[in-house]
Amino acid sequence: ARWPWPVVAFESPQRLPRTLRSLAGALPGRRAAVCRELTKRFEEVVRGTADELAERFAEPPKGEIVLVLGPAETAADEVAGAEAVAELVDAGLPRRKAAEVVARLTGGSRNEPA
């Protein structure tokens, strides 16, 4: 759920509805895309949240499926915060002070691992 990078997975058309329901239950707002028949005549890419895609693909589609999950928004923010702390430390600010500054500016915790 907190993986800060996109995830690309090949999925069976028969398993896709169940996979999307599981994702919708665990990560309802996570951005994703279902890509069907890539590089073929009937290519289709459907984007939306896990909830929306689970509703759209309640029945198994035909063809080869690639499921793409977008990065977790909070995880991406945490990575950016850690990078900001590292940059301030490289510029000469003590690590504790750098963490306090980034936490104050982002509203996060200064105790988050970086």
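Which residue forms a salt bridge with Glu11, and how far apart are the closest N and O atoms? The partner is Arg15, at 2.7 Å. The legends below start from the whole chain and return to this pair.

The model is predicted: local features need pLDDT of at least 70, side-chain atom pairs count only at pLDDT 80 or more, and totals for chains, interfaces and linings use all residues. Residues are numbered from 1 along each chain as its sequence is written, and side-chain values use heavy atoms, with hydrogens and water left out.

**Figure 1. Overview of the protein.**
Four helices and four strands make up the secondary structure. Helices (H or I, at least four residues) and strands (E, at least two) are DSSP runs, numbered from the N terminus. Read from that end, the order of elements is β-α-β-β-α-β-α-α. Of the 114 residues, 34% are buried. Buried means under 20% relative accessible area, exposed means over 50%, and partly exposed lies in between (1.4 Å probe, protein chains only). The protein exposes about 7,700 Å². Carbon and sulfur atoms supply 55% of that area. Accessible areas come from the Shrake-Rupley method with a 1.4 Å probe; for residues, only the protein chains shown count as cover. Among contacts with a separation of 6 or more, 60% join residues 24 or more positions apart. A contact means heavy atoms within 4.5 Å.

Two strands pair if DSSP finds at least two bridges between them. Strand 1 runs antiparallel to strand 4 (residues 65-69), and five bridges join them. Five bridges also pair strand 2 with strand 4, in the antiparallel sense. Strand 2 and strand 3 are antiparallel too, over six bridges.

Five of the six residues of strand 2 are buried, leaving the strand mostly covered. Towards strand 4, Cys35 stands opposite Val66. Towards strand 3, Arg36 stands opposite Glu44.

Val7 lies in strand 1. Its bridge partner in strand 4 is Leu69. Val7 is partly exposed, with a relative accessible area of 30%. Together with Trp3 and Trp5, Val7 forms a nonpolar surface patch of about 330 Å² accessible area. Patches are made of residues with over 30% relative accessible area and no salt bridge; like charges are joined within 9 Å, nonpolar side chains (Val, Leu, Ile, Met, Phe, Trp, Tyr) within 5 Å.

Gln14 sits in the loop between strand 1 and helix 1. Gln14 is exposed, at 59% relative accessibility. The C-alpha atoms of Gln14 and Pro60 are 5.2 Å apart, although 46 residues separate the two along the chain. Arg15 forms the salt bridge with Glu11. Arg15 is partly exposed, at 40% relative accessible area, whereas Glu11 is buried, at 14%.

**Figure 6**
A salt bridge is a side-chain nitrogen of Lys or Arg within 4 Å of a carboxyl oxygen of Asp or Glu. The structure holds six. The side chains of Arg36 and Glu44 meet in one of them, at 2.9 Å from N to O. Arg36 is buried, at 17% relative accessibility, while Glu44 is partly exposed, at 21%. Arg56 joins Arg36 and Glu44 in a network of salt bridges. In another salt bridge, between Arg96 and Glu100, the closest N and O atoms are 3.5 Å apart. These two residues are separated by about one helical turn, because they lie four residues apart in helix 4 (residues 95-106). Arg96 is exposed, at 55% relative accessibility. Glu100 is partly exposed, at 27% relative accessible area.
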